[in-house]
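Open the model in your viewer and switch to cartoon.

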Amino acid sequence: MSAIRIFTRTPIDDLTHEGTLCRPLDAVGTLECFACGHRCTIKPGRRGVCKVRFNEDGHLRVPWGYVAALQCDPTEKKPFFHLYPGSDTLTFGMLGCDFRCAYCQNWETSQVLRDDAADGGYTPVTAERIVELGRQHGARVVASSYNEPLITSEWSAEVFGLAKRAGLACAYVSNGNLTPEVLAFLRPLLTGYKIDLKSMRDKHYRQLGGRLQVVLDGIRMSHAAGLWVEIVTLVVPGFNDSDAELREAAQFIAGVSPDMPWHVTAFHADYHMQEPDNTQAADLIRAAEIGRAAGLHYVYAGNLPGRVGEYEHTWCPRCHKRVIGRLGYTLLEYAVTDTGTCAHCGETIAGVWGKRADVRIGAGDLFGRAPRIVR
């Protein structure tokens, strides 16, 4: 087959590898990519919606061998509150995204090749080096985040395979726009999956570049597959913050599992969304109360440390005593046994727990650091 060049080649296209999350559709080299829920049909010389997966002469090329951000910070920052609390997570990210959220806080890297102003840099690195850095920095978890990890799943699997053999847990911080095929590919490697539930209105999801039903199905599938799933909703004034919509989100999550943590977090103006007011603490408390009323056992109001009262902490669903106290990403107290039960009454606290002796009380960032490269 003769080479076809339609898109403009960029330097990051040289840091690619032949992808496996695809299938051929015809004799001329057209491929279906199923790394994310868009299921792009990609002809030779074309890119997928994410812009970083492309068809070169009938072969899918996917991101490989670099990071745009690499940082070790509290696992609570992901946020995972029930996955090895008090631990650190080495988090890596690449370039590109399958969504185009107007309020994206990582747009310099996620919107590369889609927005000329997004000029996020990158650093070549091996999977071995990432895992080595994780061990050097004392991480308990390795996670893919910052951009959308689904579109770089082959690279994540390369890193996670080594991380798992080194005794580290692995996690995705994702928009949840997944497919059964990519979930089956990742399931042997993943322990945790954080999913953004951005809205309960399909028209809003389409504005962001996705579809609501795909994400709802992704949450159900991830939970059914046995992954530890935590859900985050960024509460954006005038976009998704009505009582009715928040109630629908909470009821959906409770219908999947009342033990699935729901984090409601505060919006601040960023990227192309500069008009709404920043979310206030009272709005987060209102959302959290809606979640608790819907029957959720673990509801958290995030990223406004010290301003959301009881909703920073983990409470036992039976005796209602505090089992994990927090301020921002710092643990203040820890009363979960090594077997994952309440130290006060013995009730099971849903999650993935380590030994109490390994939990660091009083360590960690209050607000967290901006993504950077660790050396």
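Which handedness does the β-α-β unit made by S12, helix H4 and S13 have? Keep in mind that the model is predicted. Select residues 169-174 for S12, then 180-186 for helix H4, then 192-196 for S13. The unit they make is right-handed.

Stay on S12 and S13. The two strands run parallel, joined by four bridges. Show Tyr172 and Tyr193: Tyr172 stands opposite Tyr193 in S13.

Are its residues buried or exposed? Five of the five are buried, so the strand is largely enclosed by the rest of the structure.

Next, select residues 228-235, strand S14. S14 runs parallel to S13, and five bridges join them. Pick Gly192 and look across to S14: its bridge partner there is Trp228.

Move on to S15, residues 262-266, and S16, residues 299-302. How many bridges join S15 to S16? There are four, and the strands run parallel.

Finish on S16. Both of its faces are covered. Val299 and Ala301 lie on one side, Tyr300 and Gly302 on the other, and all are buried.

Technical notes: Residues are numbered from 1 along each chain as its sequence is written. This is a predicted model: local features need pLDDT of at least 70, side-chain atom pairs count only at pLDDT 80 or more; totals for chains, interfaces and linings use all residues. Side-chain values use heavy atoms; hydrogens and water are left out. Buried means under 20% relative accessible area, exposed over 50%, partly exposed in between (1.4 Å probe, protein chains only). Two strands pair if DSSP finds at least two bridges between them. A crossover is right-handed if, with the strands pointing away from the viewer, the path from the first strand over the helix to the second runs clockwise.
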